[in-house]
Amino acid sequence: MKKFGVIFLLIALLVSAAIPMVVAQSVNEAAKAEVNDLKLDCVIGFSPTSIAANPFYTWLTENWKSYAEELGVKIMIQDANNDPAKQMSDIENFMVSGVNVLYLDPVDAKGISEYAEQLRQKGIKVVCGSGHTDTFDAYVNADQFDVGYTLGKAAGQWAIDHFGQDAPTKVGIVNNQYNQTLQQREAGFEKGLSEVCPSAQIVGRAKGETSPDGMTAAENLLQANPDIKIIFAVNDAAALGVVEAVKGAGKATDDFAVYGADCSVDALKAIQEGSILRGDVYMGNAELPSFIFNTLLKVYNGEDVMQGKPFVGPENQLVDASNVGDILSKLGA
């Protein structure tokens with residue numbers, strides 16, 4: 001077993017002033033009231049798919065640092081870097097490092113399920129985010145199908161507004177074949193698009209999760225289908241790469257649209273600045289760091305947070321040019 005090389009944060013660390021993504025103090029104050037009576041003498045582990053590849057995890061991590069400091073809770077973080085084997089090794093290390101409850105976003109949910117069961121057998125609670133393993137104590141997620149569905153409907157209406165109800169508007173998708181969350185978003189997007197604009201045609205798909213991947217995927221899509229007018233990327237990192245690729249191809253015009261998901265500040269600012277990134281989805285992001293953290297604490301304290309539901313999480317809201325300023329303010333950006 002590898003030596004446990006995690007960053008062990010005693011969470012007396014201050015959030016870097018260079019990252020303007022920490023949620024408003026009032027959000028944390030309201031959240032703290034929920035856990036006043038809970039035991040906080042635990043160590044929380046965090047195993048994200050990739051902090052580097054996903055701005056959401058950077059944002060989540062920085063907010064957790066601030067919130068956990070206020071509560072006096074310890075946390076360990078190990079980045080899987082989109083590597084299933086590394087995540088398995090990380091989990092083995094978590095098992096012997098004093099972690100009481102683990103927030104796990106699986107790179108390969110099926111492949112890691114055996115390890116999640118081993119954690120639970122050792123008395124370590126498992127809370128999954130995004131995708132989930134076969135066994136878990138709680139599953140925190142937005143309705144990811146609805147995230148895609150909301151964006152698909154928006155893209156369909158945009159196509160009608162710009163090209164007409166019956167126009168065969170060409171659409172490309174930048175997807176991910178392994179992550180459950182991103183697969184659900186893709187499926188939801190297809191349904192929403194087809195319901196609102198049945199004449200729209202999905203003419204190509206390419207894999208991409210990081211900004212460089214998204215750029216390459218969009219370049220390939222546009223080369224194979226130069227008349228594409230809409231590209232949906234399953235997360236914001238890829239969407240921002242798509243925007244750059246479309247710019248590079250000289251197609252960043254009023255009749256081109258890119259849609260992303262995650263509600264990252266960088267993506268929202270691109271919408272606010274009038275770029276070809278036309279829409280995103282707010283998933284209760286301002287409240288989400290403390291919501292997840294409180295869920296971990298409640299699970300550690302033995303609460304049944306699921307209460308028969310398939311997952312717990314906030315509601316979704318379309319973000320576009322009409323409300324992006326309000327959402328950025330809510331995020332403290």
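Does Gly164 count as buried, partly exposed or exposed, and what is its relative accessibility? Select Gly164 to begin. Gly164 counts as partly exposed, because its relative accessibility is 25%, and buried would mean under 20%. Keep in mind that this is a predicted model.

**Stop 1: around Gly164**

Look at the chain on either side. Gly164 sits in the loop between helix H5 (144-163) and strand S7 (170-175).

**Stop 2: the largest cavity**

Next, look for empty space inside. Rolling a probe the size of a water molecule over the atoms shows where such space is left. Here the count comes to two cavities of 30 Å³ or more. The largest cavity has a volume of about 270 Å³. It is lined by 23 residues, and those closest to its centre are Phe56, Ser130, Asn141, Gln144 and Arg185. Select these five to find the spot.

Now colour three helices: H2 (55-71), H6 (180-196) and H10 (288-300). Each of them supplies at least two residues of the lining of the largest cavity. H6 gives the most, with three residues. What kinds of residue make up the lining of the largest cavity? They divide into ten nonpolar, nine polar and four charged.

**Stop 3: helix H4**

Select residues 109-121, which form helix H4. Pick the C-alpha atoms at its two ends. They are 18 Å apart.

Which residues of H4 are buried? Ala109, Ile112, Ser113, Tyr115, Ala116 and Leu119 are. Show what surrounds them. The buried residues of H4 pack against helix H3 (84-95), strand S4 (101-104), strand S5 (125-129) and H6. Then step just past the end of H4. There, Gly123 takes a positive phi of about 85°.

**Stop 4: salt bridges**

The structure holds 13 salt bridges. Visit three of them.

Start with Lys65 and Glu62. Their closest N and O atoms are 3.1 Å apart. Lys65 and Glu62 are three residues apart in helix H2, so about one helical turn separates them. An α-helix has 3.6 residues a turn, so residues three or four places apart point the same way. Are Lys65 and Glu62 buried or exposed? Both are buried.

Move to helix H8 (residues 236-248), where Lys247 and Glu244 lie three residues apart, about one turn of the helix. Their side chains meet in a salt bridge at 3.4 Å, N to O. Lys247 is partly exposed, with a relative accessible area of 46%. Glu244 is also partly exposed, at 39% relative accessibility.

Finish at Glu186 and Arg205. Their side chains meet in a salt bridge at 2.5 Å, N to O. Glu186 lies in helix H6 and Arg205 in strand S8 (residues 201-207), so the pair ties together parts that are 19 residues apart in sequence. Glu186 counts as buried, at 11% relative accessibility. Arg205 is partly exposed, with a relative accessible area of 42%. Salt bridges that share partners join Glu186, Glu190 and Arg205 into one network.

Methods:
Residues are numbered from 1 along each chain as its sequence is written. This is a predicted model: local features need pLDDT of at least 70, side-chain atom pairs count only at pLDDT 80 or more; totals for chains, interfaces and linings use all residues. Side-chain values use heavy atoms; hydrogens and water are left out. On a 1 Å grid over the protein atoms alone, a cavity is a set of points where a 1.4 Å probe fits but cannot get out, and a pocket is an open set with protein on both sides within 12 Å along at least five of seven lines; lining residues have an atom within 4 Å of a point. Grid points are joined across faces, edges and corners, and a volume is the space filled by probe spheres set on the points. Helices (H or I, at least four residues) and strands (E, at least two) are DSSP runs, numbered from the N terminus. Ala, Val, Leu, Ile, Met, Phe, Trp, Tyr, Cys and Pro count as nonpolar, Asp, Glu, Lys and Arg as charged, and the others, Gly among them, as polar. The expected span of a helix is 1.5 Å times one less than its number of residues. Buried means under 20% relative accessible area, exposed over 50%, partly exposed in between (1.4 Å probe, protein chains only). Contact means heavy atoms within 4.5 Å. A salt bridge is a side-chain nitrogen of Lys or Arg within 4 Å of a carboxyl oxygen of Asp or Glu.
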